[in-house]
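Hi everyone, thanks for coming. I'd like to walk you through one protein model today, so let me put it up on the screen.

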Amino acid sequence: RAYPSTHGGWGQLAAADAVRYLALFGGLEEARELAASLPTASARAEAQFGLLYPLFQAGRLDDAIQVAEKLETIGERGDAFSLVACHLAARGDQRAAHYLEAARALRVEGHKRISFLAAAHLLGEALRESDRDAARDVLRLIASKVRVLPADFDFSQTLADHARACTHLGLLAEAQEAMERIANALIFEDLLEELAIEQARAGHAGRAMALVDNIDPGFRQQSARARVFLEEGDLDRAAKTIDAIERDYNRVAMRARLAALTANKDSAQARAVLEQAEAEATALTDELMPELLEQEALGDIAQAWLDCDAPAEAQRVLAGMSPSKPKFRAALEYAGRVLPQNEQEAVNVLRALAEALTDLADEETAALAEDLAAKLAELGFEEDAREWIGRLSVIWRSPEERTRLARLHARMGDFHAAFEAVLAESIDLLIGTVASWARDYDQREAGLGRRVLAEVTRVAAWAREDWREVSLVLHEYLHE
């Protein structure tokens with residue numbers, strides 16, 4: 001199938017932008033008519049959400065509330081209610097509390113709609129290596145539920161996860177069915193690129209390029225095409241394709257990939273490519289956030305120097321970077337690479353990174369602390385890793401963030417602490433998290449992961465009909 005650009009893609013995004021700009025320049029009524037005329041619920045909701053800011057600016061608060069209440073998809077409606085609550089609170093309007101509670105309820109409802117499917121997909125992926133037949137049956141069960149998903153919520157990521165998992169297990173009809181329902185353009189094109197890369201790695205160049213051809217023309221398609229050439233080892237065609245990428249940041253990032261793959265064949269050429277990438281990274285011209293993207297690009301380049309076995313060059317790039325998430329994460333990789341040759345240097349870098357994390361209550365700082373804990377565990381500094389996990393555990397974190405901490409415990413073999421971190425969360429989150437530990441269990445004992453998954457789904461079956469269905473599938477295979 002050829003997916004047209006209007007398939008929830010850039011056509012939808014362009015329509016939403018057209019509505020927003022038309023409204024901003026005074027054409028509010030024309031913008032409302034255009035938004036109402038769009039063909040899908042997700043497209044209409046996205047475009048109508050864009051009317052809120054112009055309505056607020058025009059002082060038409062009641063009209064904005066009316067638009068918010070009529071949005072057809074609960075995700076956009078929840079976001080709109082949050083925005084309405086903020087504007088009402090700023091005016092001292094007591095209705096703010098009502099809309100804030102309505103937004104919270106919609107977010108809870110949205111989470112419920114995807115939590116089972118997300119956990120079930122993790123379960124299917126965990127079973128893929130140990131029991132492909134059981135994994136296929138779990139995915140077929142998910143497919144039966146995917147077919148009846150309501151239209152008032154954007155399930156794009158769930159559908160993409162399902163299509164990806166089905167493709168991995170050869171359920172191509174189910175994968176195709178899910179892909180055709182993906183409404184979000186970026187998620188859809190990310191999935192196409194990922195599947196294309198997998199096909200290229202498997203030696204199916206024609207299939208890979210057929211998938212890339214379905215990405216809307218532009219820098220995303222150019223980048224995907226370059227990645228396919230890189231996976232195929234066709235570095236000359238990759239280099240020519242990279243030169244033509246229209247967006248500066250993507251071109252720099254792809255040059256870094258090219259250099260890393262070129263290093264084994266021609267180190268001088270790899271160095272020349274990275275030097276060119278560095279020059280481009282410090283002169284981004286077509287970006288909305290050039291400072292941030294410059295740091296992202298330099299982080300990619302530092303990683304490429306490490307892949308080229310040039311840690312001194314990576315250190316030079318890091319020294320010139322501003323304090324940022326890309327610098328922090330590239331420095332973590334640098335520490336891991338130099339550890340075997342220079343343990344003291346690695347320890348000094350890790351200590352400096354730890355000292356920079358002064359405010360764990362800040363969400364971004366806490367995320368970097370997670371990265372630090374994971375790297376410490378990976379490098380064998382388990383006591384230090386546990387100390388950071390402990391520090392993160394005593395501050396309030398979302399359930400999803402706590403599951404990542406549990407994953408770190410599981411990696412180090414501490415399943416008791418891992419369970420303590422997630423036991424009080426939802427059934428779906430618990431099962432999805434345990435599914436992500438399957439390999440850790442199997443490292444202890446072959447087949448243990450599948451037995452644990454069968455047991456947790458059996459317990460969940462007492463509370464929920466959807467998990468009872470999954471449990472029956474696993475129980476059948478476990479007791480063959």
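Predicted model: local features only at pLDDT ≥ 70, side-chain atom pairs only at ≥ 80, totals over all residues.

**A walk through the inside**

In total, the structure has two cavities of 30 Å³ or more.

So which residues line the second largest cavity? They are Ala143, Val146, Arg147, His162, Glu174, Glu177, Ala178 and Arg181. Two elements each give two or more residues to that lining, namely helix 8 (132-146) and helix 10 (172-179). Helix 10 has the largest share, with three residues. And what kinds of residues are these? Sorted by class, the lining has four charged residues, three nonpolar ones and one polar one.

For anyone new to this kind of analysis, rolling a probe the size of a water molecule over the atoms is what shows where empty space is left.

Now for the packed part. The largest nonpolar core counts 158 residues. Helix 7, which covers residues 95-127, is the top contributor to this core, with eleven residues. Which residues have the most contacts inside the core? Those are Ile301, Leu372, Trp388 and Trp467.

Let's zoom in on Leu372. Leaving out residues up to four places away in sequence, Leu372 touches Phe328, Leu332, Leu350, Ala354, Leu357 and Trp388.

You'll find Leu274 in helix 16, residues 267-281. Is Leu274 buried or exposed? Its relative accessibility is 0%, so Leu274 counts as buried. Again skipping residues up to four places away in sequence, Leu274 is in contact with Ala256, Ala259, Ile301, Ala304, Trp305 and Cys308. Ala302 is another one to look at here: it sits 28 residues from Leu274 along the chain, and the C-alpha atoms of the two are 9.3 Å apart.

Arg220 is part of helix 13, residues 219-232. Why do we call Arg220 buried? Because its relative accessible area is 18%, and the cut-off for buried is under 20%. And what does the side chain of Arg220 make a polar contact with? The partner is the side chain of Asp190, at 2.8 Å.

That's my tour, so over to you for questions.

Technical notes:
Residues numbered from 1 in each chain as written. Heavy atoms only, no water. Helix = DSSP H or I, 4+ residues; strand = E, 2+ residues; numbered from the N terminus. Buried < 20%, exposed > 50% of the residue type's maximum accessible area, 1.4 Å probe, protein only. Contact = heavy atoms within 4.5 Å. Polar contact = N/O pair within 3.5 Å; in protein donor to acceptor, adjacent residues only side chain to side chain. 1 Å grid on protein atoms, 1.4 Å probe; cavity = no way out; pocket = protein on both sides within 12 Å on 5 of 7 lines; lining within 4 Å. Points joined across faces, edges and corners; volume = space filled by probe spheres on them. Nonpolar A, V, L, I, M, F, W, Y, C, P; charged D, E, K, R; others polar. Core = buried A, V, L, I, M, F, W, Y, C linked by side-chain atoms within 4.5 Å.
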